[in-house]
Amino acid sequence: MANLKAIYDEYCKVGKKPELTSAMWKKVCEDAGLMTKKKSAKNSLDGAEVDMIFTRCKKANLIPYANFANCLHQAAKACYGEDNEDNYKKVCDALHAPSMTGATKAAGGAVVGRLTDTKQYTGSHKERFDESGKGKGLEGRADLAANDGYVGEYKGKDTYVDKK
């Protein structure tokens, strides 16, 4: 039988709470293979049953570790028809640490390549990058004032001679 406390703690870490939330309880059931999308599947729970078990076991919308074994007993009864030690052991043996398959993947492919190709940019976006495709930073984003004391369209800049 799996170490229930360690598995419980791992799911709590994933949920970033000290106790199991409804979503994490659902993830426990999905990862253990106890839950399917269809109720017609034999020896499985559907979403409504998982939510009902959570509602029966929760304290202040969280499942404390003290109630975790009770949840597993109820899941065993719902899956296999009766709550006995063999069914409870089957449920406990199916438990494992949370899986993170497909969590966050880096996007790639032709579409991303076209979107990030700075040579295809037009208008003001084109001015934000140099010839190599590197961003110009603040230079490319803002019209910086010269701060030299002259108005923008003055033609005789730097022609004043100081006569002392």
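Q: Which residues of helix 2 are buried in this predicted model, and against which helices do they pack?
A: In this predicted model, helix 2 spans residues 22–31, and its buried residues are M24, W25, K27, V28, C29 and D31. These buried residues pack against helix 1 (4–15), helix 3 (47–57) and helix 4 (65–80). Just after helix 2, G33 takes a positive phi of about 80°.

Q: Why is K27 called buried?
A: K27, which lies in helix 2, has a relative accessible area of 17%, and because buried means under 20%, the label applies. Leaving aside residues up to four places away in sequence, K27 touches Y11, P98 and S99.

Q: What does W25 touch, not counting residues up to four places away in sequence?
A: W25 touches L20, V50, I53, F54, I63, F68, C71 and L72, with residues up to four places away in sequence not counted. W25 is also among the residues with the most contacts inside the largest nonpolar core, together with L20, L34, L45, F68, L72 and L95. That core has 29 residues, and the elements giving two or more residues to it are helix 1, helix 2, helix 3, helix 4 and helix 5 (85–94). The largest share, six residues, comes from helix 4. In soluble globular proteins, nonpolar side chains tend to be buried together.

Q: How do you know that C92 is too far from the closest cysteine sulfur for a bond?
A: The closest cysteine sulfur to that of C92 belongs to C71 and is 12 Å away, whereas a disulfide requires a pair of cysteine sulfur atoms within 2.5 Å, so this distance is too far for a bond. By this rule, the count of disulfides comes to zero.

Q: Why does Y150 count as partly exposed, and which residues make the nonpolar surface patch?
A: Y150, placed in the segment after helix 8 (138–141), has 33% relative accessibility, and because buried means under 20% and exposed over 50%, this value falls in between and counts as partly exposed. The nonpolar surface patch, of about 490 Å², is made by Y150, V151, Y154 and Y160.

Conventions. Residues numbered from 1 in each chain as written. Predicted model: local features only at pLDDT ≥ 70, side-chain atom pairs only at ≥ 80, totals over all residues. Heavy atoms only, no water. Buried < 20%, exposed > 50% of the residue type's maximum accessible area, 1.4 Å probe, protein only. Helix = DSSP H or I, 4+ residues; strand = E, 2+ residues; numbered from the N terminus. Contact = heavy atoms within 4.5 Å. Core = buried A, V, L, I, M, F, W, Y, C linked by side-chain atoms within 4.5 Å. Patch = residues over 30% accessible without salt bridge, like charges linked within 9 Å, V, L, I, M, F, W, Y side chains within 5 Å. Areas by Shrake-Rupley, 256 points an atom, 1.4 Å probe, with all protein chains shown as cover. Salt bridge = Lys/Arg side-chain N within 4 Å of Asp/Glu carboxyl O.
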